[in-house]
Amino acid sequence: LYSITCHCGNASQAVTITHLGDEIALCHKTEERHITGVLCTSYETIDKPEKYDQLRQFTGSDGTRYWCGTCGCHVFLHEDKGGESVWLVPTGTLIGLDTHDEKRTVERMANTYACHNAVKSTVDGGLSSVSIVQSTHGSTSKGAQGDVLHLSCGCKKVQMRITRPNNVSSSCRAKFPDLLMPYHSSDPLAVQNQGHKAWWLRPADSSKPNKYLAGTCACLTCRLTSGFEIQNWAFVPRTNTTLYFDGSKKPIPLDFNSLSVKTSLGTYQSSKGDINAFRHFCLQCGATLFWRDAYRTDVIDVSVGLMDAPEGARAERWLDWCTYRVSFSKDAALGRTGKIAVPAKSLIQGLEEGIK
Ligand SMILES: [Zn+2]
Ligand SMILES: [Zn+2]
Ligand SMILES: [Zn+2]
């Protein structure tokens, strides 16, 4: 028996992994990216779980997803494979052996990440070319730049549009992210960015920036609010972002004080890790939408998995990827005990080496 949890603890329980010793695949499918917000997902096969009534559910083309309505974490995926019922648990929720297990399961070697699924659907290789198993798939086709980037969650209840940087984009205020200034080793005053450097615009220091910075986060909070090992964020000014709800063509400005946003988005404030920050998710399918500072909301972190860029999942005509570090890479083992931390650590390590 293994323990799983989401960030708020609502999903905490023990599960039985049925295929220990197997290899885990990283899945890059378009549907997976949109319904989770992350660029690649991974699951363990388990016996039917005991508790899932307390979770929200959404049924899509590939099965029913159970996710936590409080923190937005994906917890189970129930598939019907030709009459056979298959239960899966996102690997990010696994934290170690169940300590209350009276059968005292002897911990066997944890499963390892070994292959990629559905890389073709990413067009550009998505995250596959930058992690454990190198994938050769990638496209360099040229096309129109485009002025608007479309985003949507898996159920399409929440859609977004992002526009190219303009004059207003550079006058926003935001402190530096851990990605650019590691919080554990940086001067806290410097992190505040009192010189108002528009670090989110790319190319850096260009007079005509046309892209936004994007990066990879492996922190505990990202992991336990998504359910997956790796989150990819794009840093975009709020003024360049517009929301659309329930298929309506009426644009809703991203104003966090307005009531429509509060009632239409799932909102979670974690007390540890990112105090004074909010995470928003789709209330219907649980997709992670964005992260924001509670007080300085000028620049938000948007889930790259939601993006529909014709050039591919990495949206490289819109995003300039930070290639020298993964944020909070040491967190892969945080909150985890025993062998379950081993493959997670090597996955993040491989990712850090792969993006360089
Ligand atoms: Zn939760
Ligand atoms: Zn949705
Ligand atoms: Zn994070």
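Mentor: Donors are N, O and S atoms within 2.8 Å of the metal (3.2 Å for Na, K and Ca), and sites may look incomplete because water is not among the atoms. Four donors count as tetrahedral if all angles lie between 85 and 135 degrees. Before we go on, note that this is a predicted model, in which local features need pLDDT of at least 70 and side-chain atom pairs count only at pLDDT 80 or more, while totals for chains, interfaces and linings use all residues. Residues are numbered from 1 along each chain as its sequence is written, chains are lettered from A and ligands numbered from 1 in the order in which they are written, and side-chain values use heavy atoms, without hydrogens and water.

Trainee: Which residues coordinate the zinc ion (ligand 1)?

Mentor: Look for the SG atoms of Cys-6, Cys-8, Cys-68 and Cys-71, which coordinate this zinc ion at 2.3 Å. The angles among the 4 donor atoms run from 97 to 121°, and the site is tetrahedral. Along the chain, the donors of ligand 1 have the spacing C-x1-C-x59-C-x2-C. Cys-6, in the loop between β1 (2-4) and β2 (13-15), and Cys-68, in the loop between β6 (63-67) and β7 (74-81), link distant parts of the chain, 62 residues apart. As for the naming, strands are DSSP runs of E with at least two residues, numbered from the N terminus.

Trainee: Are Cys-6 and Cys-68 buried or exposed?

Mentor: Residues are buried under 20% relative accessible area, exposed over 50%, and partly exposed in between (1.4 Å probe, protein chains only). Here both Cys-6 and Cys-68 are buried.

Trainee: And what are the protein donors of the zinc ion (ligand 2)?

Mentor: They are the SG atoms of Cys-153, Cys-155, Cys-282 and Cys-285, lying 2.3 to 2.4 Å from the ion. The site of ligand 2 is tetrahedral, with angles of 102 to 114° among its 4 donor atoms. Its spacing along the chain reads C-x1-C-x126-C-x2-C. Cys-155 lies in the loop between β11 (148-152) and β12 (158-163) and Cys-285 in the loop between β19 (277-282) and β20 (288-293), so this pair ties together parts that are 130 residues apart in sequence. Cys-155 and Cys-285 are both buried.

Trainee: How many cavities of 30 Å³ or more does the structure hold?

Mentor: The general idea is that rolling a probe the size of a water molecule over the atoms shows where empty space is left. On a 1 Å grid over the protein atoms alone, a cavity is a set of points where a 1.4 Å probe fits but cannot get out, and lining residues have an atom within 4 Å of a point. The volume is the space filled by probe spheres set on the points. In this structure there are 2 such cavities.

Trainee: What lines the largest cavity?

Mentor: The largest cavity, with a volume of about 70 Å³, has a lining that includes Ile-24, Glu-44, Asn-111, Tyr-113 and Arg-336. By class, its lining has 6 nonpolar, 2 polar and 3 charged residues. Ala, Val, Leu, Ile, Met, Phe, Trp, Tyr, Cys and Pro count as nonpolar, Asp, Glu, Lys and Arg as charged, and the others, Gly among them, as polar. The second largest cavity has a volume of about 40 Å³. Among the residues that line it are Cys-71, Arg-279, His-280 and Phe-281, and β19 gives the most to that lining, with 3 residues.

Trainee: Which residues is His-78 in contact with?

Mentor: Contact means heavy atoms within 4.5 Å. Leaving aside neighbours within four places in sequence, His-78 is in contact with Gly-63, Thr-64, Tyr-66, Ser-85, Val-86 and Trp-87. His-78 sits in strand β7 and is partly exposed, because its relative accessibility is 23%. Compare Asp-98, in the loop between β9 (94-97) and β10 (112-117): its relative accessible area is 14%, so Asp-98 is buried.

Trainee: What should I look for in the backbone?

Mentor: Most residues other than glycine have a negative phi, and most peptide bonds are trans. Here Arg-202 and Pro-203 are joined by a cis peptide bond, with omega about -5°. Val-123 has a positive phi, near 65°, and Ala-315 has one of about 50°. Ala-315 is found in the loop between β21 (299-303) and β22 (319-321), and it counts as buried because its relative accessibility is 0%.

Key. Tetrahedral: all angles 85-135°; square planar, octahedral: opposite > 155°, others 65-115°. Helix = DSSP H or I, 4+ residues; strand = E, 2+ residues; numbered from the N terminus. 1 Å grid on protein atoms, 1.4 Å probe; cavity = no way out; pocket = protein on both sides within 12 Å on 5 of 7 lines; lining within 4 Å.
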